[in-house]
Amino acid sequence: MDDNSPTQKQRAGRYAGNLGYFRQSHHLRTLRLWLLVIAMLLSIGAVVTYRHWGKDELFSKGALSQGHARLARDCRACHADGQTDALHARLADSRDGRSVPAVVSALFSTNKSDDISAQKQSHVSAAMDKACLSCHPAFGFHLPQPADLRLQTISTQTVTVHADNCFVCHREHVGSARMALPDGSQCISCHGDLSKLIQSRASLPSRNLPLVPTGENRNLGDGIVRFITPSSLHDKPVAFSDFAHGHPAFSYEDAALRDPAALKFNHARHLRPDLSGAGKDRQLTCTDCHAPGPGGTFKQPVTYEQHCQQCHSLQLLPSLPKLRIPHGDAEKVRWFLASVRVPIENALRTEGIASADDLARRADAEMDALRQRGLRTLAELEQRVFYEGDPKDEPNDRRMRAGNAKFLTECAKCHTLGPASVEHAPEITPPRMAMQWLQKGQFTHLPHEHMACIDCHGTALKSKLTSDILLPPQSLCAECHRAPQMPGESHVQPAPDAQTGASLSTAQRARGGVKWDCQTCHAFHSPTASASVDKNRPAPISPAPEKAPRH
């Protein structure tokens, strides 16, 4: 310490006779005061200036996704009612409005929940949804989906569900890449809560007549025959956790439903190894009749000419293999039989018989062959062709009529026929076989080509009735389409050693991990046409008070 520095006592002595020195003006104290006043005025001016002319992007929480990047400098394009005034935001939650106690409480409150609840005000949510729908007008609905709109013309009810707040599933300000699709957990947040399902769901009744309780196959005008179940099967929503746990069964799984296709067919008989006919020396497989359609979505329709004629030829006379009864039009069949000698002569001409005498002689012989089989009159011929078919030679004769030119197979063996009349041939009910069975989800056979048909359609091996529905149950699909059994595993793909076929199918069933996310099969947003369904929609049942109102 410097010995020449004043002591504390010496310093105090300076003011012994002037204790009011601090009341005297001093240029340094005056400068400090003015600087403080100027700083306060500038701060207030900055707040007021920003309140009216400030840039919102200063509060941006992060980069916008690729699709919204053009809105990076226009926050109010989405946040149309965004509250940037903290005082107003706090007062928005106050019950006392703008009273003095409310203002004081808002100014000095440290409760963060006030800010959070203010940001979640229903009018803010509705404004953001409105902003989203201004660019995406078709995304205001979850139901009805396109399938529901198609069925609207025949269903007794149409279920409607509004889309929830957009930001619940679509997160922004998390990066500049493409916005990530919602995952299954966001779907389950509603579908796992029965009360939410009931609250958001409304059913619009229609004047359509009820469908047959066992189900119907119908073409709704787009060329696709669909298996349609009664609306009553879908009256009650079901809560579930994921596809493998609690997911509702497919609509065709109800025990009361039957395949209404008007065709008599025995799958078990056609899949037996001892089947023979038309020179076939091998066992039929599923793909002999069921060929994949374009894109694998449907199976190509089974037709008589492509799939049945080789064994069930409808050949009238063994000696004339090219003479066949027409298929597909009962009236043509009647006219063919009524003038059967003319087709016989035409068939003989194709074999090279040109002489009139030879033609007449051979035609007489063929007509005699018909009479020897008991076909003496047109009525007997029609009865045999439409309803009875040729009888077996002996009671114990087990030879098959299929593919055997000696036997004539009747139409009624495969088709449902009505009675004939004087004016018209028997009416044959069209088979009307369903091409699409799933109405609520998407499906394609392409990713399943490594599997055997019986892996999913194994019931066909024992099915003897056309009315049997031979589709896999939802529980069978869930064996592969579920979360991986081992943590950290992803989709089960073929191994480097070209693991395919049965080995891959077995691995997938054992471990799961094959596309189990909800969006694999389902779409969320409805098409624009769904908005027209909402005109007569009743109010939701007891909406939760905290749920933001839907637009």
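1. The side chains of Arg362 and Glu366 form a salt bridge, with N and O 3.6 Å apart; the term denotes a side-chain nitrogen of Lys or Arg within 4 Å of a carboxyl oxygen of Asp or Glu. Both residues belong to helix 15 (residues 356-372), where a spacing of four residues separates them by about one helical turn. Helices here are DSSP runs of H or I with at least four residues, strands are runs of E with at least two, and both are numbered from the N terminus. Arg362 is partly exposed at 29% relative accessibility, whereas Glu366 is buried at 7%. Buried stands for under 20% relative accessible area, exposed for over 50%, and partly exposed for the range in between (1.4 Å probe, protein chains only).

2. On the basis of the note: this is a predicted model, in which local features need pLDDT of at least 70 and side-chain atom pairs count only at pLDDT 80 or more, while totals for chains, interfaces and linings use all residues. Residues are numbered from 1 along each chain as its sequence is written, and side-chain values use heavy atoms, with hydrogens and water left out.

3. The protein chain has 19 helices and seven strands. Of its 551 residues, 30% count as buried. Among contacts in the chain with a separation of 6 or more, 65% are between residues 24 or more positions apart; a contact means heavy atoms within 4.5 Å.

4. The count of salt bridges comes to 13. One of them pairs Glu345 with Arg341, the closest N and O atoms being 3.2 Å apart. Both residues lie in helix 14 (residues 341-350), four residues apart, or about one turn of the helix. Glu345 is buried, with 19% relative accessibility, and Arg341 is partly exposed, with a relative accessible area of 29%.

5. A further salt bridge joins Asp390 and Arg373, whose closest N and O atoms are 2.4 Å apart. This pair links distant parts of the chain, 17 residues apart: Asp390 is in the loop between helix 16 (378-388) and helix 17 (453-457), and Arg373 is in the loop between helix 15 and helix 16. Asp390 is buried at 6% relative accessibility, and Arg373 is partly exposed at 22%. Elsewhere, salt bridges with shared partners join Arg341, Glu345 and Asp364 into one network.

6. Which residues of the largest nonpolar core touch the most other members? They are Leu316, Leu323, Ile325, Ile344, Leu370 and Val385, out of 29 residues in that core. A nonpolar core is a set of buried Ala, Val, Leu, Ile, Met, Phe, Trp, Tyr and Cys residues joined through side-chain atoms within 4.5 Å. At least two residues of this core come from each of strand 6 (315-317), strand 7 (320-324), helix 13 (330-338), helix 14, helix 15 and helix 16. When neighbours within four places in sequence are left aside, Leu316 is in contact with Leu323, Ile325, Phe336, Val340, Leu370, Arg373 and Leu408. Another core, of nine residues, lies apart from the largest one; Phe250, Ala434, Ile469 and Ala478 are among its members.

7. A cavity is a set of points, on a 1 Å grid over the protein atoms alone, where a 1.4 Å probe fits but cannot get out; lining residues have an atom within 4 Å of a point. Grid points are joined across faces, edges and corners, and a volume is the space filled by probe spheres set on the points. The volume of the largest cavity is about 80 Å³. Its lining consists of Cys311, His312, Ser313, Leu314, Gln315, Arg401, Ala402, Gly403, Asn404, Phe407, Leu408 and Thr409. These residues divide into five nonpolar, six polar and one charged. For this division, Ala, Val, Leu, Ile, Met, Phe, Trp, Tyr, Cys and Pro count as nonpolar, Asp, Glu, Lys and Arg as charged, and the others, Gly among them, as polar.

8. Most residues other than glycine have a negative phi, and most peptide bonds are trans. Leu314, which is not a glycine, has a positive phi of about 60°. Leu314 is in the loop between helix 12 (304-308) and strand 6, and is buried at 16% relative accessibility. Lys515 likewise has a positive phi, near 35°, and is placed in the segment after helix 19 (501-511). The peptide bond joining Leu143 and Pro144 is cis, with omega about 10°; Pro144 is in the loop between strand 1 (141-143) and helix 7 (146-151).

Notes
1 Å grid on protein atoms, 1.4 Å probe; cavity = no way out; pocket = protein on both sides within 12 Å on 5 of 7 lines; lining within 4 Å.
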